[in-house]
Amino acid sequence: MAARCLGRDVWRFLGSQRRRSGPLRPLLWASETSGRTSGSPGRGTAAAPPRDSYLELSALAAREPAAFWGSLALDTLVWDTPYHTVWDCDFNSGKIGWFLGGQLNVSVNCLDQHVLKSPESIALIWEQDEPGTEVRITYRELLETTCRLANTLKRHEVYRGDRVAIYMPVSPLAVAAMLACARIGAVHTVVFAGFGAESLAGRINDAKCKVVITVNQGLRGGRVLELKKTVDEAVKLCPNVRRVLVAHRTDRKVTMGELDVHLEQEMAKEDPECAPESMGSEDMLFLLYTSGSTGTPKGLVHTQAGYLLYTALTHKLVFDYQPGNIFGCVADIGWITGHSYVVYGPLCNGATSVLFESTPVYPDAGRYWETVERLQINQFYCAPTAVRLLLKYGDTWVKKYDRSSLRTLGSVGEPINHEAWDWLHKVVGDGRCTLVDTWWQTETGGICIAPRPSEEGAEIVPCMAMRPFFGILPVIMDEKGNVMEGDDVSGALCLSQAWPGMARTIYNNHPRFIGAYFMAYPGYYFTGDGARRTKGGYYQITGRLDDVINISGHRMGTAEIEDVMDDHPSVPESAVIGYPHEIKGEAAFAFIVLKDDVDDSDVVVKELRSAVATKIAKYAVPDQILVVKRLPKTRSGKVMRRILRKIVTGKTQDLGDTTTLEDPSVITEILNTYQKSKNK
């Protein structure tokens with residue numbers, strides 16, 4: 001019996017049509033692989049049974065990763081030259097390689113192949129800052145813009161391997177800039193258009209970028225952002241920058257310096273066709289910087305084929321994306337969520353992707369849902385912090401708009417609390433939409449744990465990522481570095497097997513990469529997160545391990561306490577940190593935000609203490625609960641708990657990198673509130 005195509009089995013499980021016509025390829029077996037270190041494609045001689053279930057496919061991806069990913073890579077991506085080795089990975093040395101010997105171009109996979117089949121299909125819907133002013137961009141138009149920009153870069157001496165910084169608001173031109181770099185083999189590093197000049201300069205210098213692409217001004221939430229001025233300040237500190245390409249988001253004219261060039265004028269001179277560079281599977285595609293409480297930002301390296309395959313597959317399977325759907329991820333393209341689920345994953349799948357330029361509350365708290373109604377969005381992917389913000393405004397703003405087009409809701413960025421989950425599911429989704437709480441990281445490249453895919457009709461447990469994606473093998477480690485067997489255990493979340501989408505290194509600092517991710521638990525990728533494996537074998541993320549508190553010998557994630565407190569109807573959000581205690585070792589300190597209609601905060605605080613004692617344990621009750629107007633959040637919506645920790649521990653002279661804060665004045669505001677509470 002002829003061997004079957006594994007790629008076909010996965011797409012059949014997905015329930016969608018094959019993306020490319022032509023005969024099916026035979027199943028590729030790992031004829032030269034043993035263990036979990038490397039593999040090469042070869043012809044299988046035995047018949048492969050159809051794999052129609054999540055459990056069967058998951059088992060195969062774990063047992064025979066070369067067969068699983070190798071067949072999918074050939075079936076999904078457009079190759080110039082097929083690979084000769086599926087994978088060559090060793091977590092002990094931090095060596096990660098996928099589809100070795102293969103040659104392809106990411107922009108061809110995201111644009112050209114779709115233009116050949118359906119040039120006028122919509123690639124992007126740009127939801128501009130002002131509602132009702134959306135712009136639709138076809139795949140043909142996006143390809144032409146990309147090629148003109150690519151030719152402009154080449155004319156300004158950007159070559160294969162050169163790094164290009166992109167400091168732009170969410171826009172079709174920003175997406176074209178990313179794809180233009182991919183087309184000519186340059187490496188892009190997108191810097192969120194909200195970072196200050198010093199942070200921007202640090203990233204430009206670390207990557208040694210020779211060109212910066214920016215705009216005169218940005219628009220967000222009705223405010224004007226002076227992006228060109230920030231770039232002007234940054235490039236004074238960047239000796240490697242030879243050219244600044246300036247596009248125009250507004251009509252405001254800006255002063256052009258010696259390095260500056262009007263981007264639109266330059267692009268108008270160029271040909272709308274640009275021959276794509278054939279890139280090796282492991283050539284760099286982009287750098288994306290992450291910052292922590294200490295040390296310089298890390299430039300994480302993502303490469304070509306593995307990253308693209310993983311984002312495309314997770315985009316389709318986790319969100320049940322179907323041809324013709326409108327996919328709405330409201331993340332900024334300056335973050336990994338925007339890279340993977342606004343740009344690369346959706347475009348590789350030929351999807352229509354929404355670019356959201358505005359904020360959840362501009363011009364009012366109904367902005368998301370008005371956009372859903374007007375654009376007829378089918379999948380909506382957002383952060384819990386936005387959900388908690390909108391909770392404060394009540395249900396009226398949601399129910400004002402028709403959300404019947406929605407089929408899948410997604411949560412990303414941090415563990416979602418019960419009240420936010422219930423509100424998103426019952427109010428926004430009318431109780432009929434699948435809600436996927438996704439766990440992943442900048443380092444993982446794409447979603448690693450989520451409720452879907454699964455067996456048809458399988459349960460979704462609220463506030464839980466639940467199921468590992470294909471090829472993701474989680475393990476729970478105890479404090480001594482031992483694998484914890486069985487269910488109902490908590491510890492450090494590690495992954496025991498490589499997957500195609502993961503970062504390959506930290507740019508120009510592989511020892512730091514090994515130290516950060518592979519030294520704590522040799523032979524495993526250490527995520528830095530804690531997790532609990534439930535009695536049902538599902539995974540629940542408990543938060544960063546540096547957000548784990550040890551109270552009188554009891555270890556618990558701060559997210560567990562936050563979850564209980566956020567479940568109170570008067571508390572839209574909270575943040576819990578640990579601080580030194582002379583008797584307990586550590587104690588919990590909670591910062592809470594109350595809804596505007598709360599009359600007596602003392603009553604709420606008393607109820608919160610009772611709820612934590614009842615739902616977790618008495619030892620988990622925070623020693624102190626402080627009511628604040630707002631929490632310190634980054635521009636991507638994450639709460640910077642380390643700032644709260646330093647306020648409580650009196651270390652405010654060394655707050656670390658605060659350039660990512662949405663509003664730095666929140667520090668003084670919370671500090672004053674804290675001092676007043678101490679003086680009482």
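Two strands are taken to pair if DSSP finds at least two bridges between them. In this predicted model, strand β14 and strand β15 (residues 260-262) meet that condition, being joined by three bridges and running parallel. One of the contacts can be picked out by eye: valine 244 has aspartate 260 in β15 as its bridge partner.

Strand β14 also pairs with strand β11 (residues 211-215), again in the parallel sense, here over five bridges. In this pairing, valine 211 is found opposite arginine 243 of β14.

Strands of a sheet pair through backbone hydrogen bonds, either parallel or antiparallel. The order β26-β27-β29-β30 describes an open sheet of four strands with antiparallel pairing. At its edges stand β26 (474-477) and β30 (539-544); each has a single partner strand, so one side of each is left without a neighbour in the sheet. On average, neighbouring strands of this sheet are turned by 45° against each other, direction ignored. Within the sheet, strand β27 (residues 489-495) and strand β29 (residues 525-533) are connected by six bridges in the antiparallel sense. Cysteine 494 has phenylalanine 526 in β29 as its bridge partner.

Attention now turns to the aromatic side chains. A pair of aromatic rings is described by the distance of the centres and the angle of the planes. Across the whole structure, a search finds 38 aromatic pairs. In one of them, the ring centres of phenylalanine 513 and phenylalanine 518 are 5.4 Å apart and the planes meet at 65°, so this pair is edge-to-face. The ring of phenylalanine 518 also pairs with that of tyrosine 525, with centres 6.0 Å apart and planes at 65°, so this contact is edge-to-face too. Are these residues buried or exposed? Phenylalanine 513 counts as buried because its relative accessibility is 1%. Phenylalanine 518 is buried as well, with a relative accessible area of 2%, and tyrosine 525 is likewise buried.

Elsewhere, ring pairs link a cluster whose members include Tyr54, Phe68, Trp69, Trp79, Tyr83 and Trp87. Also among them are Trp98, Phe99, Tyr310, Phe469 and Phe470. A charged side chain meets an aromatic ring at phenylalanine 195, where arginine 203 lies over the ring face at 4.3 Å from the ring centre.

How values were computed
Residues numbered from 1 in each chain as written. Predicted model: local features only at pLDDT ≥ 70, side-chain atom pairs only at ≥ 80, totals over all residues. Heavy atoms only, no water. Phe/Tyr/Trp six-rings, centres within 6.5 Å; stacked < 30°, edge-to-face > 60°. Buried < 20%, exposed > 50% of the residue type's maximum accessible area, 1.4 Å probe, protein only. Lys NZ or Arg CZ within 6 Å of the ring centre and 35° of its normal. Helix = DSSP H or I, 4+ residues; strand = E, 2+ residues; numbered from the N terminus. Axes fitted to C-alpha atoms, helices over the stretch in contact; angles between N-to-C directions.
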